[in-house]
Each structure stands twice: as C-alpha cells, then as structure tokens.
Amino acid sequence: MERRELSAADIYHKFAAQLDKDGFRLYRAAQRSTGFQPYDAFPYEDNRGAFEAADGHTLLRYLEAAHFDAVTWEIVPGTTYERAILGKVDTTTPEYRAFREAICADALGRMGLAHLLKTKEKEAKEVGYER
C-alpha cells in the first residue's frame, strides 16, 4: 500500500484549530506573499470599518478574491463609491493550489511546525543520496 504524503495545507488544517484559530497566521502568510493591503484594495469597505474587527479568515477571503480576480464592483446608490462583491475563487486551479500550499507552509513555519514539512533535502536523504 502506497503512503500518501501530506501537503502543507493538510498539515496546516490538522493544527489550525489549536494554533491558528483566528486565521491570522495564514492571512499574514498570504499577505507576505502578495503584498495585499485591504485598505488599498477595498477603500469603501475600509472606510465603513469592515476590517476593524475582522479575523484572519475574513481578511483572507478578501485577499484571495482580490488576488484571483474574483471581485465585481457595484455603485453604492446615491454616491460615487463602489463596493466589492466577493465572488467564489476557483480553488481547483494549479495557481491557487500552489498559492495555498506556499502560504500554509509559511504559516506552519511560524507556528513552529516547519519540521513536519517534507523538503527536497529530506526526500534526497530518504532515498539514499544527498544533493
């Protein structure tokens, strides 16, 4: 029986409830990867205080929608402002999966769990040679 290696995303999800309940470690990893600032990308929502008490899960939803072009805009009636309508991000694309794997690996490192990740160096040693 072949053993399936756990991805960084799988490992992150196993520990997230205990070590990243509010989702800020994952959000900060995504923010470091993209340079995303919610107040720049969503000024109307920021002015209305949408991000003041938001947890990391909510902020990550905004970040991913902006990063993967899943936002539509509608005029706020009686103003010149536009508000964001967050669409569904296609989580099946290779780009999204690579992004998610990278941010989960970063978050795991900051949670003190980087040793659980399989690295190329570890793989090389397991097969009996070093790079």
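**Stop one: a cysteine inside**

Start by selecting Cys104, which lies in helix 6; helices (H or I, at least four residues) and strands (E, at least two) are DSSP runs, numbered from the N terminus. Before going on, note that this is a predicted model, where local features need pLDDT of at least 70, side-chain atom pairs count only at pLDDT 80 or more, and totals for chains, interfaces and linings use all residues. Residues are numbered from 1 along each chain as its sequence is written, and side-chain values use heavy atoms, with hydrogens and water left out.

Is Cys104 buried or exposed? Cys104 is buried, at a relative accessible area of 0%. Buried means under 20% relative accessible area, exposed over 50%, and partly exposed in between (1.4 Å probe, protein chains only). Now show what Cys104 touches: leaving out residues up to four places away in sequence, you get Ala8, Ala9, Tyr12 and Leu26. Contact here means heavy atoms within 4.5 Å.

**Stop two: Ile103**

Step back to Ile103, also found in helix 6. Ile103 counts as buried, because its relative accessibility is 1%. Beyond neighbours within four places in sequence, Ile103 is in contact with Leu26, Ala29, Ala30, Ser33 and Leu60. Ser33 is 70 residues away along the chain, with 7.4 Å between its C-alpha and that of Ile103.

**Stop three: helix 5 against helix 6**

Colour these two helices and look at how they cross. Two packed helices are described by the angle between their axes and the distance between the axes. For helix 5 and helix 6, the axes come within 12 Å and cross at roughly 140°; axes are lines fitted to C-alpha atoms, for helices over the stretch in contact, and angles run from 0 to 180 degrees between N-to-C directions. Select Leu60, Leu63, Glu64 and His67 on helix 5, then Tyr96, Phe99, Arg100 and Ile103 on helix 6, and you have the residues that make the contact.

**Stop four: the nonpolar core**

Which residues have the most contacts inside the largest nonpolar core? They are Tyr12 and Phe42, in a core of 32 residues. A nonpolar core is a set of buried Ala, Val, Leu, Ile, Met, Phe, Trp, Tyr and Cys residues joined through side-chain atoms within 4.5 Å. Helix 1 (8-19), helix 2 (24-34), helix 5 (56-67), strand 2 (82-86) and helix 6 (94-110) each supply at least two of its residues, and helix 6 gives the largest share, six. Zoom in on Tyr12: setting aside neighbours within four places in sequence, its contacts are Asp20, Gly23, Leu26, Cys104, Ala107, Leu108 and Met111.

**Stop five: helix 2 and its cover**

Pick Leu26, Tyr27, Ala29, Ala30 and Gln31, the buried residues of helix 2. Their cover includes helix 1, helix 3 (38-41), helix 5 and helix 6. Just past the end of helix 2, Gly35 takes a positive phi of about 80°.

**Last stop: a loop, then zoom out**

Asp69 is in the loop between helix 5 and strand 1 (71-75). Asp69 has a positive phi of about 50° despite not being a glycine, and counts as exposed at 71% relative accessibility.

Finally, show the whole chain: seven helices and two strands, in the order α-α-α-α-α-β-β-α-α. Buried residues make up 33% of the 131.
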